[in-house]
Amino acid sequence: ASYPVGTFPKSTLSKNPPTTFSEAVFSLILNNYLYIWIFLNIFLAGTLILWYQRHKNRKSFGKPTVNFDIPKDEKGKILQPAMAGTIDTAKLDKNDIVATIFDLAIRKYIKLEEKKTVRKLMPDETTQKIIKLKKDDGKLEEFEKTLFNRLFQDGDGDEVKISDLRLDFYKTFSEIEDGVFKKLVEKKYYAKNPKIQKGLLLFLGIVSLFFFNIFLGVTFFLLSRKLNGRTVLGDRMDYQIDGLKLFLKSMNRNYKWQTEQLYIVEQMIPYAIALGYIDKFMEQLKIIKPDYNPTWYSGYHGGFYAGYSGFYMAASSGITTAAPSSSGAGGGGFSGGGGGGGGGGSW
């Protein structure tokens, strides 16, 4: 029997059906691309944004109040300046390394020395040195040991010039960064190293844009900037650090207390460096103790207040955080700290 053309609808079956699993999957995606695009760019992207809004501040502690004490963990152990600075900004930067150097000096492991050499027919030469006072006594954190060993090359030599760190310190910086975040994860302040999380989100963003999923790609890029992997416990510690920042930047709230507790105030110098308030802190400290001349620092400027900034800037410029580029420029930016904010949610 024969039927006129058009009696039955045309077959939707492919004349060349896929022969492999990958071809079948590709054919399925191609035939349903519009629905997949809508799911990824509207439903998934929207769900991620709503999730972030609900989890970015999982616990509110209210407006920070002034904290006159050095940060301590739940066991009452002092939180080192580098860890405090890293919690505040969700990254380790130059300030945190310089703060650790000053902290080791205050704890009498090292001494900071700045000398000026007068030269004929040439500009005078200024040299900043770090001198070892004692060996590791087992009380240093692992990342502090890494820095200490790098400074004195595993016990070979008792002093090092700051200028000698410029060439390859970025290798040590990477080890210290891993050590700091490892410690913060152990203390349950972070779920993971934010650097890994950020890299994954950036990768997903690039892949999304490659397949023209613009909204999803932009969402991943935004999350890579907002999410920091800090836990609720980390948010609580960040709240304490924000309170300390209020004290460091306006220390003139209670000069009487500071005069009586000068030992505690001295220990806050590294925290002022790590959190980006060293200049304001020193201005106030000079009012409290104008003749302050610590034993852990020796300079030629005529006093600690006139000379600390020279050592501070030399250490900042001498520390490299990334491998030099082909043009020879030192890697890594100099961050002023003072970031922070609410927790970004961890996953």
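**Entry 1**

I started with F210, which is exposed, with a relative accessible area of 61%. I kept in mind that this is a predicted model. F210 belongs to helix α7, which covers residues 194-210.

**Entry 2: aromatic pairs**

Next I searched the whole structure for aromatic pairs and got 14. I looked up Y109 and F148: their ring centres are 6.4 Å apart and their planes meet at 75°, so I noted the pair as edge-to-face, a label for angles over 60 degrees. Where do Y109 and F148 lie? Y109 is in the loop between α4 (94-106) and β1 (110-117), while F148 is in helix α5 (residues 142-151), so this pair ties together parts that are 39 residues apart in sequence. Are they buried or exposed? Y109 is buried at 3% relative accessible area, and F148 is buried too, at 5%.

I moved on to Y297 and F304, whose ring centres are 5.4 Å apart with planes at 80°, so they also make an edge-to-face pair. Both Y297 and F304 are buried. I also saw that they belong to one aromatic cluster, together with F102, Y292, W296, Y305, Y308 and F311.

Back at Y109, I checked for a charge over the ring. The charged end of K134 sits over the ring of Y109, 4.4 Å from the ring's centre.

**Entry 3: salt bridges**

I reminded myself that side chains of opposite charge can pair when their charged atoms come close. How many salt bridges does the structure hold? I counted 17.

E142 is exposed at 55% relative accessibility, whereas K145 is partly exposed at 22%.

D238 and R230 form another bridge, at 3.4 Å from N to O. Here D238 is buried at 2% relative accessible area, and R230 is buried at 1%.

Then I looked at helix α9 (residues 232-249), where K245 and D242 are three residues apart, about one helical turn. Their closest N and O atoms are 3.5 Å apart in a salt bridge. K245 is buried at 7%, and D242 counts as buried at 17%, since the cut-off for buried is under 20%.

Last, I noted a network: salt bridges with shared partners join K77, E141, K183 and E186.

Note on methods: Residues are numbered from 1 along each chain as its sequence is written. This is a predicted model: local features need pLDDT of at least 70, side-chain atom pairs count only at pLDDT 80 or more; totals for chains, interfaces and linings use all residues. Side-chain values use heavy atoms; hydrogens and water are left out. Rings of Phe, Tyr and Trp (its six-membered ring) pair if their centres lie within 6.5 Å; planes under 30 degrees apart count as stacked, over 60 as edge-to-face and the rest as tilted. Helices (H or I, at least four residues) and strands (E, at least two) are DSSP runs, numbered from the N terminus. Buried means under 20% relative accessible area, exposed over 50%, partly exposed in between (1.4 Å probe, protein chains only). A charge sits over a ring if NZ of Lys or CZ of Arg is within 6 Å of the ring centre and within 35 degrees of the ring normal. A salt bridge is a side-chain nitrogen of Lys or Arg within 4 Å of a carboxyl oxygen of Asp or Glu.
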